[in-house]
Amino acid sequence: MIHKTRFQTTPNQEEAFENSARTVAFRCLYATGDNLQGKLFPWHWHSAFEIDLVTGCDTRFEFEGTILDIPAGNAVFINSQKIHAYQPQNPVKCRIYAFLFEPVLLAGEYNGEIFRKYVAPVLNSEISGVEIPAADPIFAYIQEMIRLCAEEPQYYEIRVRTQVEEFWCRLLDKITAVQ
């Protein structure tokens, strides 16, 4: 199920979720213009990696030292523990689908071999956000993750995990190609 975010932060700007990250390895949320504070979805961070699908209007994502202008219909990957905010060009039309997943969803355990080889390098990198255009083949995985969360077919959690793993492999290819 995709839930509308009830955005809240802790005093240190960490986004607070209704369920703790230890019991929920992934969540799918959406935000609309009424989630904004002023014209901005407030500065925050979280331990989860985040993939945002932007619909309705172009949206500016801000990170410390980086700005990504994401056209409607495209997506952005946001690294774990990176403070960020976003500002839609038209809050009335804005709808952002946010798929968040904890690193342990990919790795199975913290500090295991998969975590050290494939998760920690991204987690510990300077990467704040990566734009994912709709034309990029990686985009299909994002659409499928959101579809599975919306429809919840049998075994959807396992199917979502498979999509996340495939997305991650393609993201690693994309990041490596840029470096």
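## A tour of two sheets

Four bridges tie β7 to β10, and the two strands run antiparallel. Keep in mind that this is a predicted model.

**Stop 1: strand β7.** Select residues 75-78, which make up β7. Start with Ala 75, which stands opposite Ile 132 in β10. Now look at both faces of β7. Ala 75 and Phe 77 are on one side, Val 76 and Ile 78 on the other, and all are buried. Both faces of the strand are covered.

Stop 2: Pick out two of the facing pairs. Glu 50 is opposite Ile 78. Ile 51 has Phe 77 as its bridge partner.

**Stop 3: Glu 50.** Which side chain of opposite charge is nearest to Glu 50? It is Arg 27, at 9.9 Å. Glu 50 is buried but has no salt bridge. The reason is distance, because a salt bridge needs the charged atoms within 4 Å. Next, show His 46. Its side chain and that of Glu 50 are joined by a polar contact of 2.7 Å. Then widen the selection to partners beyond four places in sequence. Glu 50 is in contact with His 44, His 84 and Phe 99, among them, as well as with Val 76, Phe 77 and Ile 78.

**Stop 4: the whole six-stranded sheet.** Zoom out. The sheet is open, with six strands in the order β1-β2-β9-β4-β7-β10 and mixed pairing. Find β1 (3-4) and β10 (129-132) at the edges. Each has a single partner strand, so one side of each is left without a neighbour in the sheet.

**Stop 5: helix α3.** Select residues 139-151 to see α3. This helix lies across β2 (26-32), β4, β7, β9 (95-101) and β10. Compare its direction with β4: α3 runs at about 90° to that strand.

**Stop 6: the four-stranded sheet.** Move to the other open sheet, with the order β3-β8-β5-β6 and antiparallel pairing. The edge strands here are β3 (41-44) and β6 (66-70), and each pairs on one side only. On average, neighbouring strands of this sheet are turned by 15° against each other, direction ignored.

**Last stop: β5 and β6.** Select residues 59-63 for β5. How many bridges link β5 to β6? Five, in the antiparallel sense. Finish on Thr 59, whose bridge partner in β6 is Ile 70.

Methods
Residues numbered from 1 in each chain as written. Predicted model: local features only at pLDDT ≥ 70, side-chain atom pairs only at ≥ 80, totals over all residues. Heavy atoms only, no water. Buried < 20%, exposed > 50% of the residue type's maximum accessible area, 1.4 Å probe, protein only. Lys, Arg positive; Asp, Glu negative; His and termini not counted. Polar contact = N/O pair within 3.5 Å; in protein donor to acceptor, adjacent residues only side chain to side chain. Contact = heavy atoms within 4.5 Å. Pairing = 2+ DSSP bridges. Axes fitted to C-alpha atoms, helices over the stretch in contact; angles between N-to-C directions.
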